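Please load the model in a viewer and keep the sequence panel open. The stops below move from the whole chain to individual side chains.

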Amino acid sequence: MPRSVLILILAFTVMTLASCSTGTDAPKPGPPPFVARSTTLAVTNGIKVLTNVAMPSGFAPIPTRPPIWMQNGEEIGVVGTQAGHTIMYGLGGAAWRTGRILAAETGPAAAEEGTIADVSVSPNGLTLATAMVAPGGDRVDVIVRDLIETGPGNAISNFNGRYDSVSISWLNDATIALALRQHPEPPDESAANEPAPKPNPDAPDVQPPPTRSDGLQLIVITGAGSVAPLKLSCPMSKLSWSAHGVYAVGQGDAGAPPVIIDRRASTCTRFHVREPIHVLDWDKEDEGSFLYVGPDPTRRTIGVFKYNIATGAEHLMGASTGAASFSSGSETVTLGDRDLTFTRAIERPEMPVVAQIAIAQADLTQTDVKSLGFDSWPEMLAQSTMAYSKGANEAAMQIYAPSKPVPWRKIVTYSLHYDSAFLLAEGPAQGIVTMSWSLRGRWLAFLDGDATIGTVMTVLAPPR
């Protein structure tokens, strides 16, 4: 039976950490056809689709920017590129079909012209902060917009200088964390060889050049507002913050290694991995524990690792995968294959492996493994993604399966509460798909498409 007409309603048996554990897959019922479609994905029949909204022509999702739920779910923020510029739309109203521009680099909807370096929405979903690089690239402005009000917002802080890295986050509803890394300026050799000019008491006063900012800046937006730099010795890169803002991980890039920041102690230390990493999630119960995707020891593939800042303990959660999260109870949920090793992934990247979910207890003493009922390849598992709802304790996974002429993309959910999985949608792996859960996990939104084939935002209610 063709995959495009399959509906997976999978029942699972529990497997323990012991290698002798076994499990069987439940029989799969006969499938009705798909009846709804986004750009490249066919949504399984029977799943309630709340809306399909076509984005403006030429709009393309950004892989690292899933839909953002704002104003208690009344509006969804969508970040992408259009006509060569980064833009953020807000979709609200009935079925989220009323659109407006929330941040732009040019045009009447822009608070000011420039280049959007980063955007972030406050924890309460009511305020948007944008880091905008001014024309000429020698200044970064922080623009704040009240999402309940109209208007493009206002610049509340300015930081002079050229920067190789700019990232913006919220520590709470009133405090913004702006991480800046200055672009190094070459020494002026001609000036160094010339003698210092003699002071002329009759010359008019010359204004000194503007002070350049660098490092971590904490911006309070309430009251009179303030900016307080946190002096750290490490170069900044894009930051991921722990649940309560105690720690941050600078994830690294081509110009800076990963670092760990302790805001209480005002310290910054190098992470033991030199290559850039990607933080997937933080444990809300254990402030210093996080999951990240990083290179294997040979730097030829990737894996998901759990790291504890206080103890320095690190554990491999899955080889050749990019999908994992903490559950609401500090368990870890990882997509992969329990028998897959780094060596096998490197030597046989197109070897069939069973797509599985591993649920590990917080102390890693017990792990249950659930089969999703289809095969993937190690190199495809490495491209997988996961969006997790701690409110519903449910994972939504983007998984790829072998197919010709292009791999087959599957959007599958797994509920820890009901111990069940569903195939929500599937289709050829064309374009980009990003997804996120609503605040309490009732709905799942995903963007699907690219600038050529068009982009659609779909919101659906996963079956339970």
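Of the contacts in the chain with a separation of 6 or more, 49% join residues 24 or more positions apart; a contact here means heavy atoms within 4.5 Å. The model is predicted: local features need pLDDT of at least 70, side-chain atom pairs count only at pLDDT 80 or more, and totals for chains, interfaces and linings use all residues. Residues are numbered from 1 along each chain as its sequence is written, and side-chain values use heavy atoms, with hydrogens and water left out.

Colour by secondary structure next. The chain has three helices and 36 strands, taken as DSSP runs numbered from the N terminus (helices H or I, at least four residues; strands E, at least two). Of its 464 residues, 52% are buried, that is, under 20% relative accessible area with a 1.4 Å probe, protein chains only, whereas exposed means over 50% and partly exposed in between.

Now select Phe 271, Trp 282, Phe 290, Tyr 292, Phe 305, Tyr 307 and Phe 342, which form one aromatic cluster. Rings of Phe, Tyr and Trp (its six-membered ring) pair if their centres lie within 6.5 Å; planes under 30 degrees apart count as stacked, over 60 as edge-to-face and the rest as tilted. The whole structure holds 12 aromatic pairs. One of them, Phe 271 with Phe 290, is tilted, at 6.1 Å centre to centre and 50° between the planes. Phe 271 lies in the loop between β21 (267-270) and β22 (278-282), and Phe 290 in strand β23 (residues 289-295), so this pair ties together parts 19 residues apart in sequence. Both Phe 271 and Phe 290 are buried.

Because Tyr 292 lies in strand β23 and Phe 305 in strand β24 (residues 302-308), the pair ties together parts 13 residues apart in sequence. Tyr 292 counts as buried at 1% relative accessibility, and Phe 305 counts as buried at 9%.

Next, show the largest nonpolar core, which has 25 residues. Such a core is a set of buried Ala, Val, Leu, Ile, Met, Phe, Trp, Tyr and Cys residues joined through side-chain atoms within 4.5 Å. Leu 335, Ile 357, Leu 372, Met 386, Met 397 and Val 412 have the most contacts inside this core. Centre the view on Met 386: among the residues it touches, not counting those up to four places away in sequence, are Val 333, Leu 335, Ile 357 and Met 397.
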